Amino acid sequence: MSQSHTTPTPATTRRLTVGQAIVEFLNVQYVERDGETKHFFGGAFGIFGHGNVAGLGQALLQYQDQFPYYQGRNEQGMVHIATGYAKVQNRLGALAVSTSVGPGASNMVTGAATATVNHLPVLLLPADVFATRRTGAVLQQQEMPYSLEVNSNDSFRAVSRYYDRITRPEQLASALLEAMRVLTSPADTGAVTLSLPQDVQAEAYDFPIDLFRDRVWHIARARADRAALERAAEIIRGAQRPVIIAGGGVIYSDATDALVAFAEATGIGVGVTQAGKASFPHEHALALGALGASGSRFANGIAQDADVVIGVGTRYTDFTTASNTLFRDENVQFVNINVAEIDALKESATALVGDARVTLEELLELLAAHTAPSEAVAQVKTNAAEWRQEIDRIIAVEDASSSLSQAQMLGILNSVAADEDVVVNAAGSMPGDLHRLWRPGSVKGYDIEYGNSCMGYEIPGAIGNALGAPERHVFGLVGDGTYLMGAQEILTAVQEHVHMTFVIVDNQGYGSIAALSDTLGSQTFGTRFNERGEALRHDGARLEVDFVANAASYGAKVWSADTAETFRAALEEAKAHEATSVVYVQVDSQARFGGSGAWWDVPVAEVSTLDSTLEARTRYEEAQAHQRLYL
């Protein structure tokens with residue numbers, strides 16, 4: 001008697017919790033560009049509470065051997081780490097961040113805004129209140145009298161490129177795919193927030209097995225419209241004094257070589273934004289350096305006279321345009337290359353909506369052998385050479401035993417850093433000095449968060465860079481004011497055995513705003529760290545903070561310096577230290593160097609009883625007279 005055999009039916013679903021399904025999905029996402037494929041997610045950061053400990057927390061425990069988990073100290077800091085990681089990964093890698101419900105979740109909002117402003121992919125997974133509403137009001141829940149479906153997590157809508165609330169497991173598959181569409185989009189990327197009710201995180205569901213197959217997201221190089229390219233080429237051929245503005249889009253599209261080829265073939269000088277600082281070689285004869293309100297008079301002089309401005313991967317922020325006062329030629333025209341249509345069309349430009357690299361290459365083909373007028377090329381080379389000489393003058397140290405200016409401090413750090421090393425900073429006075437003075441050794445060697453100008457990015461952002469590029473040594477620059485806002489992520493670096501160096505720069509207060517306040521007639525009010533004096537004003541003795549002891553308390557090895565000689569020695573020893581190191585350095589808070597020759601619109605009080613304010617208002621109105629819209 002023969003025995004029949006039946007073939008088992010292949011499983012089409014897997015029963016997982018929502019938290020488990022998320023982690024399994026993230027672990028099989030890949031990206032490909034130009035033939036290179038890599039894992040997209042490098043793991044997840046998380047701080048656990050009642051909202052996520054038994055949901056995503058349990059899932060991260062279950063898969064910890066396949067999907068790395070990192071412990072953070074502060075929710076905003078974790079998002080900044082993810083932002084720094086995405087930046088050094090050239091937007092081809094990301095981290096997820098999980099938090100509990102309520103303040104743990106809302107603490108991430110600032111970090112989300114920073115990622116979105118800078119077009120950097122981060123995945124935020126905040127816990128939310130019970131979808132079933134079985135419990136009534138949850139601990140840490142914001143109740144709204146006009147709608148039970150609205151809570152504090154809805155604040156993420158304003159700062160996310162994509163937001164979704166998962167109230168049923170059935171919704172997860174489509175939400176995850178939409179999240180990946182945005183995270184991997186060159187034009188639309190930023191913070192993606194999936195709000196996860198705590199009961200839904202732990203709920204089991206039979207998910208389709210295809211959701212967990214290896215999935216490759218192909219990053220396309222979009223091409224600009226051919227007719228627009230031809231119009232742009234005609235405008236450039238007619239230019240007498242053209243200039244290029246290189247933004248962060250040059251770097252993210254790997255267009256640095258294409259930009260060099262374009263500049264060399266046409267003779268057009270290149271000024272750089274903060275995000276585009278490392279997109280063009282510092283020593284190149286056509287490198288004008290920093291442009292805009294934090295730029296130099298050498299680059300800005302070329303920009304002021306330009307009759308055609310070619311913006312490549314720039315958002316035209318107020319710092320770049322000097323609040324719409326920089327480009328002063330009466331008939332100036334703009335040609336903008338950008339993957340995002342909103343940025344390509346700024347300044348009423350001829351818009352080339354496409355990838356920076358291929359668009360530069362195709363535009364250069366249309367220009368054939370065209371070059372800018374010889375007089376314009378000569379002026380660019382003169383200004384570029386003079387600015388490099390000016391940098392050498394500003395950072396020069398005549399007496400190695402004397403106190404340091406901030407510029408001299410940066411010059412020493414720049415000389416100690418290798419070409420492949422990374423410098424990280426954000427808000428304050430250092431970004432402006434770095435924009436003008438730093439000489440990047442490599443394309444990914446400069447991360448200054450100035451899109452959102454977010455104090456508090458420096459330490460966690462530097463950690464993100466170090467996690468994303470462990471082969472590079474990262475120097476995280478942080479001022480004393482920012483350090484006091486959140487130094488706790490130093491412990492994260494120590495915990496993860498990250499070989500990197502933090503540099504605490506003490507200029508006795510909020511130095512950047514002190515200088516700005518002084519120019520605006522507000523007399524540095526509220527910007528220095530002093531005790532309240534006898535007249536009930538903050539004009540008493542300086543508050544002394546032991547930054548060395550504080551940093552050491554996290555487990556890092558710390559050096560202290562106050563002269564060029566001791567600072568250089570400390571940096572060299574700190575870099576050689578095979579763990580997390582910190583160098584504390586005091587700089588002269590009054591030692592500043594010349595302005596940019598450009599303006600930044602910060603309105604001054606129109607009426608006042610203070611002479612300093614009235615004088616500043618007069619200067620403000622004189623500068624404002626040069627402001628215009630480019631229509």
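Residues here are called buried under 20% relative accessible area, exposed over 50%, and partly exposed in between, using a 1.4 Å probe and protein chains only. The model is predicted, so local features need pLDDT of at least 70 and side-chain atom pairs count only at pLDDT 80 or more, while totals for chains, interfaces and linings use all residues. Numbering runs from 1 along each chain as its sequence is written, and side-chain values use heavy atoms, with hydrogens and water left out.

Salt bridges make a handy starting point. The term stands for a side-chain nitrogen of Lys or Arg within 4 Å of a carboxyl oxygen of Asp or Glu, and a search of the whole structure turns up 24 of them. One of these pairs E283 with R388, with 3.9 Å between the closest N and O atoms. It links distant parts of the chain, as E283 sits in the loop between β13 (269-272) and β14 (287-290) and R388 in helix α15, 105 residues apart. Helices (H or I, at least four residues) and strands (E, at least two) are DSSP runs, numbered from the N terminus.

Another bridge brings D329 and R241 together, their closest N and O atoms being 2.8 Å apart. D329 lies in the loop between α12 (318-321) and β16 (333-338), and R241 in the loop between α8 and β12 (242-246), so the pair ties together parts 88 residues apart in sequence. D329 is buried, with a relative accessible area of 16%, while R241 is partly exposed at 36%. R161 and D188 also meet through their side chains, at 3.2 Å from N to O. Both count as partly exposed, R161 at 38% relative accessibility and D188 at 32%.

Moving to the interior, a nonpolar core is a set of buried Ala, Val, Leu, Ile, Met, Phe, Trp, Tyr and Cys residues joined through side-chain atoms within 4.5 Å. The largest one has 54 residues, and those with the most contacts inside it are F262, F280, V309, F327, L352 and L363. Helix α8 (residues 226-237) gives the most to this core, with six residues. Contact here means heavy atoms within 4.5 Å. Leaving aside neighbours within four places in sequence, L363 touches L229, A232, A233, I236, F262, I337 and L352. A second, separate core of 47 residues includes M78, A113, A462 and A487.

Helix α16 (residues 406-416) is mostly covered, with ten of its eleven residues buried. Its buried residues, including M409, L410 and I412, pack against α15 (374-395), α17 (430-437), β20 (474-479), β21 (501-506), α23 (564-576) and β23 (581-586).

From the record, an unreviewed UniProt entry carries the annotation "domain: Thiamine pyrophosphate enzyme TPP-binding" over residues 427-584. In the model, that stretch is 36% helix and 15% strand, with its end C-alpha atoms 18 Å apart.

At the surface, M485, Y510 and I513 form a nonpolar patch with about 280 Å² of accessible area together. Such patches are made of residues with over 30% relative accessible area and no salt bridge, with like charges joined within 9 Å and nonpolar side chains (Val, Leu, Ile, Met, Phe, Trp, Tyr) within 5 Å. M485 is found in the loop between α19 (480-483) and α20 (490-495), and it is partly exposed at 49% relative accessible area.

Note on methods: UniProt positions are given in the numbering used here, feature names are shortened, and annotations may be inferred rather than shown by experiment. Accessible areas come from the Shrake-Rupley method with a 1.4 Å probe; for residues, only the protein chains shown count as cover.
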